[in-house]
Amino acid sequence: VQWDDHEVTNNWWPGEIMGPPLYDEGTAVNSLYEASLQAFYEFNPIADGSLIYRKQRFGKHLEVFFPDFRSYRDPNPGNSDPEGIAMMGEEQLEWLKQGLKEST
């Protein structure tokens, strides 16, 4: 199972404050994230408390990486920032790079 932005609300980022028309003014996305994360663990076969980003090996020829492109990302730039934004956070990015190097 893969964590997606729609698990919380469309196109969210950590620390975002939302408002009308979908939410009350000043709704913190972090509170929605906590409830969504709880549901994610309760309804999917992932060990409670484990990181959302993870990898799973299937035999000796397949390793699937499940990155988390939401929980560690920078605020949305409106698609106008030529420098882009951080999507994974440093720790997860290093985990992925190391995992890809070691993967067979």
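The side chains of Y33 and S71 make a polar contact of 3.4 Å. A polar contact is a pair of N or O atoms within 3.5 Å; within protein, one must be able to donate a hydrogen and the other to accept it, and residues adjacent in sequence count only if both atoms are side-chain atoms. The model is predicted: local features need pLDDT of at least 70, side-chain atom pairs count only at pLDDT 80 or more, and totals for chains, interfaces and linings use all residues. Residues are numbered from 1 along each chain as its sequence is written, and side-chain values use heavy atoms, with hydrogens and water left out.

**Overall build**

- The protein has 2 helices and 4 strands. Helices (H or I, at least four residues) and strands (E, at least two) are DSSP runs, numbered from the N terminus.
- Along the sequence, the order is β-β-α-β-β-α.
- A box of roughly 50 × 40 × 15 Å, taken along the principal axes, holds the C-alpha atoms.
- The protein has 104 residues, and 30% of them count as buried. Buried means under 20% relative accessible area, exposed means over 50%, and partly exposed lies in between (1.4 Å probe, protein chains only).
- Take the contacts between residues at least 6 apart in sequence: 39% of them join residues at least 24 apart. Contact means heavy atoms within 4.5 Å.

**Surface and charge**

- The protein carries 8 positive and 18 negative charges, and their mean positions lie 14 Å apart. Lys and Arg count as positive and Asp and Glu as negative, while His and the chain ends are not counted. Each charge is placed at NZ of Lys, CZ of Arg, CG of Asp or CD of Glu.

**The nonpolar core**

- The largest nonpolar core has 11 residues: W3, V8, W12, M18, V29, Y33, L37, F40, Y41, I46 and I52. Such a core is a set of buried Ala, Val, Leu, Ile, Met, Phe, Trp, Tyr and Cys residues joined through side-chain atoms within 4.5 Å.
- Helix 1 (residues 29-43) gives the most to this core, with 5 residues.
- I46 touches V1, F40, Y41 and R54, leaving out residues up to four places away in sequence.

- Y33 sits in helix 1. Y33 counts as buried because its relative accessibility is 17%.
- Beyond residues up to four places away in sequence, Y33 touches W3, V8, W12, I52 and S71.
- Y33 and D4 are 29 residues apart along the chain, and their C-alpha atoms are separated by 11 Å.
- S36 is in helix 1 too. S36 has 13% relative accessibility, so it counts as buried. Its contacts, not counting residues up to four places away in sequence, are W3, E7 and V8.
- L37 also belongs to helix 1. L37 is buried because its relative accessible area is 15%.
- W3 and I52 touch L37, again not counting residues up to four places away in sequence.
- L37 and L62 are 25 residues apart along the chain, with 27 Å between their C-alpha atoms.

**R70 and N11**

- R70 lies in the loop between strand 4 (62-66) and helix 2 (90-102). With 11% relative accessibility, R70 therefore counts as buried.
- The side chains of R70 and N11 are joined by a polar contact of 3.1 Å.
- Leaving aside neighbours within four places in sequence, the contacts of R70 are W3, D4, D5, N11, W12, P14, N76 and M87.
- N11 is in the segment before strand 1. N11 counts as partly exposed because its relative accessibility is 35%.

**Backbone points to check**

- Most residues other than glycine have a negative phi, and most peptide bonds are trans.
- N11 is not a glycine, yet it has a positive phi of about 60°.
- P20 and P21 are joined by a cis peptide bond, with omega about 10°. P21 lies in the loop between strand 1 and strand 2.

**G26**

- G26 is in the loop between strand 1 (17-18) and strand 2 (27-28). At 44% relative accessibility, G26 counts as partly exposed.
- G26 touches I17 and M18, not counting residues up to four places away in sequence.
- G26 and E16 are 10 residues apart in sequence, and 9.3 Å apart in space, C-alpha to C-alpha.
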